[in-house]
Every structure is written in C-alpha cells, then in structure tokens.
Amino acid sequence: MSLETETTIVIALLPFLAVWALLDLSRRVQRRRDERVARQIALTDAIHREMGAAAAPEVTRSWTGTWTVSVRLPLHREVTVGAISRLTQDLFRRLDRQEPPRLRLVLIPQAMARPWPQGRVVDSTRAAGRLSRAA
C-alpha cells in the first residue's frame, strides 16, 4: 500500500471516528447524570424513611469524583442536622464501599417560619374620593 492510499483511508475514516467519539462522550455524560439522580433519590428515600419529609437533598458530582450533597435545614434543630449527616455518610459509605466516603456535605440554613403572613403594606390614608369611580 502506498502512502497516498493510507492517507486517503485515514481521511475517509475520520468522520466515523468523530461520530463514535461524540456518541461515547454522550453516553458517559448520561451515565454520570443517571448515577447522580439515582443517589439523590436513594438519599431522599433514606431520609424520608427515617425522618419523614424533613429535607430534600441535592446531589452533584465533581469531575474529580467527589460527591457534594447540599441540603437546606433548620440548623437550630441539632437532632435533625445530626440525623441527616449520619444518613448521608452511611449511604455514601455503603454505595462507594469506601471509608470515609469522598463526600462533601453542605448545610444551607433554612429560614425560620414567621408566625405572621408576609404581605404588602397597604396605605389606608388615601382619600375615599380617589377609590370610587367617577360617574
């Protein structure tokens, strides 16, 4: 085979290799997304099984493989914070079969519920004439 023939074959194969590489990349990205969603569902189910609807975690994964769990909690409830932390550590330790798991837990303070409804302040000092319709 001559160099010219080999070059022609390589050039002809390049589009197929590019399509294959893009499909492989797409498959890997989808697999990582599915794994993230599965862990988020598993953690949410574990929390709801033990504590009820106490928290809704968000699970992400960095390109280095470290998992990050972000959860909004009332930080003044130490028992809840401790239970969520324990459940998260246990689940990721079991799934990764690694001690300690490659995990970062981010606790976001949840605003305390106000005893009164927040609404718009209405100025009641307007003249009554402005509120009625003109005939």
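**Core, strand and salt bridges**

Modeller: In this predicted model, the largest nonpolar core comprises 14 residues, and those with the most contacts inside it are Leu43, Val59, Val69, Leu73, Ile84 and Phe92.

Colleague: Which element gives the most residues to this core?

Modeller: The elements that give two or more residues to the core are helix H1 (3–51), strand S2 (67–73) and helix H2 (78–96). With 5 residues, the element that gives the most is H2.

Colleague: Which residues does Phe92 touch, not counting those up to four places away in sequence?

Modeller: Phe92 is among the residues with the most contacts inside the core. Leaving aside residues up to four places away in sequence, the residues touched by Phe92 are Arg39, Leu43, Val59, Trp67, Val69, Arg97, Pro101 and Leu103.

Colleague: Is Thr60 buried, partly exposed or exposed?

Modeller: Thr60 lies in strand S1 (residues 58–61). It touches Arg36, Thr66, Trp67 and Thr68, not counting residues up to four places away in sequence. Because its relative accessible area is 31%, Thr60 is classed as partly exposed.

Colleague: What distance separates the C-alpha atoms of Thr60 and Arg33?

Modeller: Thr60 and Arg33 are 27 residues apart along the chain. The separation of their C-alpha atoms is 8.9 Å.

Colleague: What is the area of the nonpolar surface patch that includes Leu17?

Modeller: Leu17 is found in helix H1. The patch is made by Met1, Ile9, Val10, Ile11, Leu13, Leu14, Phe16 and Leu17, and its area is about 870 Å².

Colleague: Which residue meets Arg86 in a salt bridge that links distant parts of the chain?

Modeller: The whole structure contains 8 salt bridges. In one of them, the side chains of Arg86 and its partner meet with an N to O distance of 2.3 Å. Arg86 is in helix H2 and the partner is in helix H1, 36 residues apart.

Colleague: Why are Arg93 and Asp90 separated by about one helical turn?

Modeller: Arg93 and Asp90 form a salt bridge whose closest N and O atoms are 3.0 Å apart. They are separated by about one helical turn because they are 3 residues apart in helix H2.

Technical notes: Residues are numbered from 1 along each chain as its sequence is written. This is a predicted model: local features need pLDDT of at least 70, side-chain atom pairs count only at pLDDT 80 or more; totals for chains, interfaces and linings use all residues. Side-chain values use heavy atoms; hydrogens and water are left out. A nonpolar core is a set of buried Ala, Val, Leu, Ile, Met, Phe, Trp, Tyr and Cys residues joined through side-chain atoms within 4.5 Å. Buried means under 20% relative accessible area, exposed over 50%, partly exposed in between (1.4 Å probe, protein chains only). Helices (H or I, at least four residues) and strands (E, at least two) are DSSP runs, numbered from the N terminus. Contact means heavy atoms within 4.5 Å. Patches are made of residues with over 30% relative accessible area and no salt bridge: like charges are joined within 9 Å, nonpolar side chains (Val, Leu, Ile, Met, Phe, Trp, Tyr) within 5 Å. Accessible areas come from the Shrake-Rupley method with a 1.4 Å probe; for residues, only the protein chains shown count as cover. A salt bridge is a side-chain nitrogen of Lys or Arg within 4 Å of a carboxyl oxygen of Asp or Glu.
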